[in-house]
Amino acid sequence: IHLSEDHPNALPQEEFNLMLREMDPTITPDEAIAWYKAMDEDNNGEVDLDEFIGSKVLKTKRLFDEFDQNGKRAADRETMVKILKHLSAGISDEDALAVYLYADLDNNGEVSFDEF
């Protein structure tokens, strides 16, 4: 892994994607890109150490994987509602369902981590 020459504590997207695939070979290229975009909070094209460590993406991914009992890398309606209630105990069933329906971008009845 090669750090950015301009910012020695930052990873360019290509290096970040390689690092993710080394950590978890099941991560798809689309997921890696989505992670990178979500973590690059200042939109400078690089993820620095502070952005990486402080990212809610990693915490959410761990939670998503915890609820992914069948290894499909996607959550059905019931599972998604459980994840949302775990993230926000006060969310109503109606609001959780609304988030699920909004997040299911391809309308296949499941929400992938990439969609989430």
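Reader: Is phenylalanine 116 buried, exposed or partly exposed?
Author: This is a predicted model. Phenylalanine 116 lies in the segment after strand 4. Its relative accessible area is 30%. Buried needs a value under 20% and exposed a value over 50%, so phenylalanine 116 is partly exposed.

Reader: Which residues is phenylalanine 116 in contact with, leaving aside its neighbours within four places in sequence?
Author: For scale, phenylalanine 116 and aspartate 42 are 74 residues apart in sequence, and their C-alpha atoms are 21 Å apart in space. Among the contacts of phenylalanine 116, Met80, Ile83 and Leu84 also belong to the buried residues of helix 5.

Reader: Which elements do the buried residues of helix 5 pack against?
Author: Helix 5 covers residues 77–87. Its buried residues are Thr79, Met80, Val81, Ile83 and Leu84. They pack against helix 4 (56–67), strand 3 (74–76), helix 6 and strand 4 (110–112).

Reader: At what angle do the axes of helix 5 and helix 6 cross?
Author: Helix 6 takes in residues 93–103. The two axes come within 9 Å, and helix 5 passes helix 6 in a right-handed crossing. On the helix 5 side the contact is made by Arg77, Met80, Val81, Leu84 and Lys85, and on the helix 6 side by Asp93, Ala96, Leu97, Val99 and Tyr100. The crossing angle is roughly 115 degrees.

Reader: Is leucine 63 buried or exposed?
Author: Leucine 63 is found in helix 4. Its relative accessible area is 8%. The cut-off for burial is under 20%, so leucine 63 is buried.

Reader: What is the C-alpha to C-alpha separation of leucine 63 and isoleucine 83?
Author: Leucine 63 touches Ile83, His86 and Leu87, not counting residues up to four places away in sequence. Along the chain, leucine 63 and isoleucine 83 are 20 residues apart. In space, their C-alpha atoms are 7.3 Å apart.

Reader: Is aspartate 104 buried or exposed?
Author: Aspartate 104 lies in the loop between helix 6 and strand 4. Its relative accessibility is 7%. With burial set at under 20%, aspartate 104 therefore counts as buried.

Reader: Which residues does aspartate 104 touch, not counting residues up to four places away in sequence?
Author: Aspartate 104 and aspartate 68 are 36 residues apart in sequence, with 16 Å between their C-alpha atoms. The residues that aspartate 104 touches are Gly109, Glu110, Val111 and Glu115.

Reader: What is phi of asparagine 107?
Author: Asparagine 107 has its place in the loop between helix 6 and strand 4. At 64% relative accessibility, asparagine 107 counts as exposed. Its phi is positive, in a residue other than glycine. The value is near 55 degrees.

Reader: Where is asparagine 43, and what is its phi?
Author: Asparagine 43 is in the loop between helix 2 and strand 2. Its relative accessible area is 64%, so it is exposed. Although asparagine 43 is not a glycine, its phi is positive, at about 55 degrees.

Reader: What is the relative accessible area of glutamate 15?
Author: Glutamate 15 has its place in helix 1. Its C-alpha atom is separated by 10.0 Å from that of valine 47, 32 residues apart along the chain. Glutamate 15 is buried, and its relative accessible area is 13%.

Reader: Which elements do the buried residues of helix 1 pack against?
Author: Helix 1 spans residues 13–23, and Glu15, Phe16, Asn17, Met19 and Leu20 are buried there. Their partners are strand 1 (10–12), helix 2 (29–39), strand 2 (46–48) and helix 3 (49–54).

Reader: What pattern does the protein follow along the sequence?
Author: The secondary structure comes to 6 helices and 4 strands. Read along the sequence, the pattern is β-α-α-β-α-α-β-α-α-β.

Reader: How far apart are the mean positions of the positive and negative charges?
Author: The protein has 11 positive and 28 negative charges. Its C-alpha trace spans about 50 × 25 × 25 Å along the principal axes.

Definitions and conventions:
Residues numbered from 1 in each chain as written. Predicted model: local features only at pLDDT ≥ 70, side-chain atom pairs only at ≥ 80, totals over all residues. Heavy atoms only, no water. Helix = DSSP H or I, 4+ residues; strand = E, 2+ residues; numbered from the N terminus. Lys, Arg positive; Asp, Glu negative; His and termini not counted. Charge placed at Lys NZ, Arg CZ, Asp CG, Glu CD. Axes fitted to C-alpha atoms, helices over the stretch in contact; angles between N-to-C directions. Left-handed = near helix turned anticlockwise from the far one by under 90°. Contact = heavy atoms within 4.5 Å. Buried < 20%, exposed > 50% of the residue type's maximum accessible area, 1.4 Å probe, protein only.
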